[in-house]
Amino acid sequence: MSKEKLKERLIIALDVPELAKAEELVNKLLPFVGMFKIGLELYSAVGPAAVKLVKELGGRVFADLKLHDIPNTVAGAVRSLVRHGVDMLNVHAGGGREMLLRAREAAEKEAALQGRKPPLLIAVTVLTSLDSTSLREDVGIERPLEEQVVHWALLAQKCGLDGVVASPQEVETIRRACGPDFIIVTPGVRPTGTLLDDQRRVLTPAEALRRGATYLVVGRPVLSAPDPVAVVANILGEMGSI
Ligand code: C5P
């Protein structure tokens with residue numbers, strides 16, 4: 001795979017509480033990274049200014065806000081995010097068919113109004129922080145965890161979504177069930193020899209790609225490094241070794 005193609009598939013999580021820190025990271029990493037992920041921490045701190053910053057610096061944005069509400073409210077939030085110019089965004093598959101369909105429709109219509117390509121619309125299935133016991137006992141879902149993940153991935157696909165976020169462990173099963181074109185965004189990626197932090201089920205960049213991941217999301221190994229560019233270069237090297 002070419003260097004440009006590898007870069008496209010790497011997403012760095014801007015899990016920082018302030019804009020200045022995000023700006024520093026984007027400036028350093030922009031030449032090596034396909035997309036920057038703005039999650040709840042940064043978005044709750046500074047809102048759409050975070051998206052504006054990355055776009056103005058020339059980066060692409062994944063708005064990881066995991067929308068989950070009634071269909072009308074989610075459709076409104078999707079329209080707003082499209083107006084901010086995000087390139088990828090996500091909603092919870094557990095919001096149900098109607099919510100997913102309305103999110104898809106809102107993304108298409110608003111993008112057409114803005115004269116731009118619709119963002120990639122990605123579903124969150126079972127949060128990786130839940131295990132099979134908490135899924136059954138706390139959430140009340142009796143199906144085995146992996147079956148529930150596939151159930152929601154297939155629902156998202158039927159509703160016209162472009163893909164799912166999935167733990168490294170689930171990638172192969174989803175790939176089998178949803179086919180080669182379905183996008184799988186995979187966090188929990190750790191370059192060989194780095195700390196696991198609170199991630200339990202991790203894969204190396206090469207192994208994640210080998211199992212069928214489309215995009216890799218990496219946060220702390222890069223954010224906490226004295227030389228983030230060196231870590232990113234190392235990740236791209238590992239991605240290129242498959
Ligand atoms: O720091 P680390 O590399 O673990 O960051 C992974 C990023 O992916 C974080 O922003 C985290 O919120 C996100 N994420 C995750 N697991 C999921 C969904 C998102 O780790 N299932």
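Strand E3 (61–67) gives the most to the lining of the largest pocket, with three residues. In this predicted model, the largest pocket holds about 910 Å³ of space. Its lining is made up of 34 residues, among which Lys66, Thr128, Pro187, Gln199 and Arg220 are the closest to the pocket centre. Besides E3, the elements that give two or more residues to this lining are helix H3 (40–46), strand E8 and helix H11. By class, the residues of the lining divide into 14 nonpolar, nine polar and eleven charged.

The ligand takes up the space of this largest pocket. Strand E8 (215–218) and helix H11 (220–223) are the elements that give two or more residues to the shell around the ligand. This shell consists of 13 residues, of which Asp15, Lys37, Arg190, Gly219 and Arg220 are the closest to the ligand. Five residues of the shell are nonpolar, three are polar and five are charged.

| Residue | Protein atom | Distance to a ligand oxygen atom |
|---|---|---|
| Asp15 | side-chain N or O atom | 2.6 Å |
| Lys37 | side-chain N or O atom | 2.8 Å |
| Gly219 | polar backbone atom | 2.7 Å |

Taken on its own, the ligand has 470 Å² of accessible area, and the protein covers 83% of that area. Arg220, which is among the residues closest to the ligand, is also among the lining residues closest to the centre of the largest pocket.

Definitions and conventions: Residues are numbered from 1 along each chain as its sequence is written. This is a predicted model: local features need pLDDT of at least 70, side-chain atom pairs count only at pLDDT 80 or more; totals for chains, interfaces and linings use all residues. Side-chain values use heavy atoms; hydrogens and water are left out. A residue is near a molecule or strand if one of its heavy atoms lies within 4 Å of it. A polar contact is a pair of N or O atoms within 3.5 Å; within protein, one must be able to donate a hydrogen and the other to accept it, and residues adjacent in sequence count only if both atoms are side-chain atoms. Accessible areas come from the Shrake-Rupley method with a 1.4 Å probe; for residues, only the protein chains shown count as cover. On a 1 Å grid over the protein atoms alone, a cavity is a set of points where a 1.4 Å probe fits but cannot get out, and a pocket is an open set with protein on both sides within 12 Å along at least five of seven lines; lining residues have an atom within 4 Å of a point. A molecule sits in a cavity or pocket if more than half of its atoms lie within 2 Å of its grid points. Helices (H or I, at least four residues) and strands (E, at least two) are DSSP runs, numbered from the N terminus. Ala, Val, Leu, Ile, Met, Phe, Trp, Tyr, Cys and Pro count as nonpolar, Asp, Glu, Lys and Arg as charged, and the others, Gly among them, as polar. Grid points are joined across faces, edges and corners, and a volume is the space filled by probe spheres set on the points.
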